[in-house]
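We will walk through it together, one part at a time.

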Amino acid sequence: MDQIHFTSPIWVFLLPVIAAGADILTGLLQAGVNNNYNSSVMRKGLYRKLGEIGCVVLAYLVNVAISLPVNITAFVSIYIVVMEIISVLENLSAAGVPFPVWILRKLKKAADKLAEDPDDQLPDQGGEPNEGS
């Protein structure tokens with residue numbers, strides 16, 4: 001991730017905002033097509049988007065405050081953009097935009113991977129934790 005650089009620092013913040021906006025718009029589109037507007041779902045989505053942008057800001061502040069060998073702001077920003085692109089494609093699919101089946105399968109697999117608990121992937125360390133640790 002150290003070799004990924006944005007062409008301008010503003011893109012670290014702007015790209016997730018644009019992706020979140022696209023997700024909101026496609027969410028509204030699919031809700032309109034399917035006639036299932038739900039204000040509480042939209043409100044939760046907006047709160048989530050604000051949290052995502054907050055994470056980018058926090059990552060930036062950590063990068064500024066601590067000299068790390070990795071640009072965590074870029075990582076957080078790219079992660080959010082990928083999540084939003086997946087959500088946009090899901091919204092479009094739910095709205096009836098045709099996608100090849102293989103894309104939908106890959107999309108589902110990617111969304112499932114993003115939702116996985118990384119602790120479930122860790123190998124067993126063998127043994128129980130010590131008392132008092």
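The paragraphs below go from the confidence of the model to its helices, and then to its charged side chains.

Keep in mind as you look that this is a predicted model. How confident is the predictor? The protein chain has an average pLDDT of 84, and 85% of the residues score at least 70. Confidence is highest in helix α1, at 94, whereas helix α4 (residues 101-115) has the lowest mean, at 79. Please be careful with residues 129-133: their pLDDT is below 50, and apart from near neighbours in sequence this stretch has zero contacts in the model.

Helix α1 covers residues 9-34 and α2 covers 39-65, with Asn35 in the loop that joins them. As a rule, most residues other than glycine have a negative phi. The phi of Asn35, however, is positive, near 55°. Is Asn35 buried or exposed? Its relative accessible area is 67%, so Asn35 counts as exposed.

Two packed helices are described by the angle between their axes and the distance between the axes. For α1 and α2, the angle is about 170° and the axes are 10 Å apart. Because an angle over 145 degrees counts as roughly antiparallel, α1 and α2 are roughly antiparallel to each other. Which residues meet here?

Side chains of opposite charge can pair when their charged atoms come close. The count of salt bridges in this model comes to five. One of them joins Lys49 and Asp23, with 2.4 Å from N to O. This pair links distant parts of the chain, since Lys49 belongs to helix α2 and Asp23 to helix α1, 26 residues apart. Both partners are buried; for Lys49 the relative accessible area is 7%.

Lys49 has another partner as well: its side chain meets that of Glu84 in a salt bridge of 3.1 Å, N to O. Glu84 lies in helix α3 and Lys49 in helix α2, so this pair ties together parts that are 35 residues apart in sequence. Glu84 also forms a salt bridge with Arg48, where the closest N and O atoms are 3.4 Å apart. Here helix α3 (residues 72-94) is tied to helix α2 again, because Glu84 and Arg48 are 36 residues apart in sequence. How accessible are these two partners? Glu84 is buried, with a relative accessible area of 0%, but Arg48 is partly exposed, at 42%.

Glu52 lies in helix α2 and counts as buried, at 6% relative accessibility. Setting aside neighbours within four places in sequence, Glu52 is in contact with Ile80, Met83 and Glu84.

Conventions. Residues numbered from 1 in each chain as written. Predicted model: local features only at pLDDT ≥ 70, side-chain atom pairs only at ≥ 80, totals over all residues. Heavy atoms only, no water. Helix = DSSP H or I, 4+ residues; strand = E, 2+ residues; numbered from the N terminus. Buried < 20%, exposed > 50% of the residue type's maximum accessible area, 1.4 Å probe, protein only. pLDDT = per-residue confidence, 0-100. Contact = heavy atoms within 4.5 Å. Salt bridge = Lys/Arg side-chain N within 4 Å of Asp/Glu carboxyl O. Axes fitted to C-alpha atoms, helices over the stretch in contact; angles between N-to-C directions. Parallel < 35°, antiparallel > 145°, perpendicular 65-115°, else oblique.
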